[in-house]
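Me: I am new to this structure. Please show me how to read its features, one at a time.

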Amino acid sequence: MALSTPAPGAWSIFFIFLRLGLTSFGGPVAHLGFFRQEFVDRRRWLSDEGYADLVALCQFLPGPASSQVGLAIGLSRGGYTGALAAWAGFTLPSVIALIVFAMSLTAFGQGLPEGLLAGLKLAAVAVVAQAVWQMAQKLCPDSARRTLMVLAAALMLLFPSVWIQLAIIMAAALAGRALLPAASGDATDDLPVHTRRFTAVGAGAVLLLLLFGLPLVASSSHGLALIDTFYRAGSLVFGGGHVVLPLLQAEVVPAGWVDNHTFMAGYGAAQAVPGPLFTFAAFLGASMEQGIGGVYGGLLATFAIFLPSFLLVIAALPFWQLLRVKPGIRAALNGVNAAVVGLLLAALYDPVWTSAVYGPSDVVLVLLSFTALQIWRVPVWLVVLLTPLAGILLG
């Protein structure tokens, strides 16, 4: 049945997402785990099915999936100001940190205690593991959906690619429609939409107008060229922040905006801060060696790379809501949701586990963190604080 909770104000949404923006380490997959723990388990703003449906939609859209999930949640709870508040709260901590780093490269990172970043990554492993465990229990209740989950994970691990991911989701939709019984849409009405379809069509039109129009005027000023570069990156990249790296490198390094050494230093710093990896744009904008740079350049690049996400969510969500309550579409979505759990399971191994766990002590910290979350019900923010401290002690 649908969940019913009082609608929060924009400031309330901002501070909820600000806490997530300060503690959500580990990349987009971990962010989805943090969001699920906050909005499904703790606040009950969404059901597991509604949350999985939203994740499935954002997996189809280009751009940063976790940020788009946050935007959609903010939009559903507080309208356009709620969406802006959710994005600002989740994004500003890493934007500020990366702009400061860009303006003081020599002072950043020298005093980080050994084991701190390793501990943060291990906390992210536990958060993702808990999300996969709980989502599998609720979204894969029968053998057919468990099989889809396992097949999706296996294919993603054997053939890692953004296009394989999209193919898996599409195949799971067809399999769900053919093999799973048609389901009622009553359980999916817990994501209210405050956007009219006319507005959604307008947002889609603006998205395309900017995508094709900005290149025509980009040569007239450095500011427009910067907006064009980062807007295209946010519009055309599937798979999140790591996939945008080669595109941005090809745009800003040969043009002489940022040298390659600075580019890679900033990308390393972006791994060390919480929040969305797309905030790497803030570092690049602040590091510009010609034209706009500094704080203004960082904020302008951030706005440009995230603007397509705003427009995409506004354009897609009303039609998604219209479709997802139809029984046949629900059956397809049940298959997609099982595949999404499988994709998260694959991501739990690579890159989350493989980039964080290197020895027995790491395994022990992950097990303790997972036990704290799943069995002892320790708040996720406290686990994120304690696990890095244990990482420091272990060195």
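**Reading the helices**

Reply: Leu54 is found in helix H3. Helices are DSSP runs of H or I with at least four residues, numbered from the N terminus. This is a predicted model, in which local features need pLDDT of at least 70 and side-chain atom pairs count only at pLDDT 80 or more, while totals for chains, interfaces and linings use all residues. Residues are numbered from 1 along each chain as its sequence is written, and side-chain values use heavy atoms, with hydrogens and water left out.

Me: Is Leu54 buried or exposed?

Reply: Start with the cut-offs. Buried means under 20% relative accessible area, exposed means over 50%, and partly exposed lies in between, with a 1.4 Å probe and protein chains only. Leu54 has 0% relative accessibility, so it counts as buried.

Me: Which residues is Leu54 in contact with?

Reply: Contact means heavy atoms within 4.5 Å. Leave aside the neighbours within four places in sequence. Leu54 then touches Val69, Ala72, Ile73, Leu191, Leu317 and Trp320. There is also a spacing to check: Leu54 and Ala65 are 11 residues apart along the chain, and their C-alpha atoms are separated by 9.8 Å.

Me: At what angle do H3 and H13 pack?

Reply: Axes are lines fitted to C-alpha atoms, for helices over the stretch in contact, and angles run from 0 to 180 degrees between N-to-C directions. H3 (residues 48-60) and H13 pack at about 130°, with axes 11 Å apart. That makes H3 oblique to H13. For the labels, under 35 degrees is roughly parallel, over 145 roughly antiparallel, 65 to 115 roughly perpendicular, and the rest oblique. The contact is made by Gly50, Asp53, Leu54 and Leu57 of H3 and by Ala316, Leu317, Trp320 and Arg324 of H13.

Me: Is the crossing of H3 and H13 left-handed or right-handed?

Reply: Look at the near helix. If it is turned anticlockwise from the far one by less than a right angle, the crossing is left-handed; if clockwise, right-handed. H3 passes H13 in a right-handed crossing.

Me: How do H8 and H13 cross?

Reply: Their axes come within 8 Å and cross at roughly 145°. H8 passes H13 in a left-handed crossing. Among the residues that meet are Ala200, Gly204 and Leu207 in H8, and Leu311, Ala315 and Phe319 in H13.

Me: Where is Val217?

Reply: Val217 is in helix H8 (residues 197-217). Its relative accessible area is 37%, so Val217 is partly exposed. Val217 and Asp228 are 11 residues apart in sequence and 8.8 Å apart in space, C-alpha to C-alpha.

Me: And where is Leu323?

Reply: Leu323 is in helix H13 (residues 294-324). At 39% relative accessibility, Leu323 counts as partly exposed. The C-alpha atoms of Leu323 and Ala347 are separated by 28 Å, and the two residues are 24 apart along the chain.

Me: Which residues make the contact between H6 and H7?

Reply: Take the axes before the residues. Those of H6 (residues 143-158) and H7 (residues 162-179) come within 10 Å and cross at roughly 160°. That makes H6 roughly antiparallel to H7. The contact is made by Leu148, Ala152, Leu155 and Met156 of H6 and by Ile164, Gln165, Ile168 and Ala175 of H7.

Me: What does helix H4 span between its end C-alpha atoms?

Reply: The expected span is 1.5 Å times one less than the number of residues. A straight helix of 39 residues would span 57 Å, yet H4 (residues 65-103) spans only 29 Å. Now look for a bend, the angle between axes fitted to the seven residues ending at a residue and the seven starting there. H4 has a kink of about 145° centred on Gly78. Of the 39 residues in H4, 30 are buried.

Me: Where does H2 bend?

Reply: H2 bends by about 25° at Arg36. H2 (residues 28-42) reaches 20 Å from its first C-alpha to its last, close to the 21 Å expected. In H2, 12 of the 15 residues are buried, so the helix is largely enclosed by the rest of the structure.

Me: What is the phi of Arg44?

Reply: Most residues other than glycine have a negative phi. Arg44 has a positive phi of about 55° although it is not a glycine. Arg44 is in the loop between H2 and H3.

Definitions and conventions
Helices (H or I, at least four residues) and strands (E, at least two) are DSSP runs, numbered from the N terminus.
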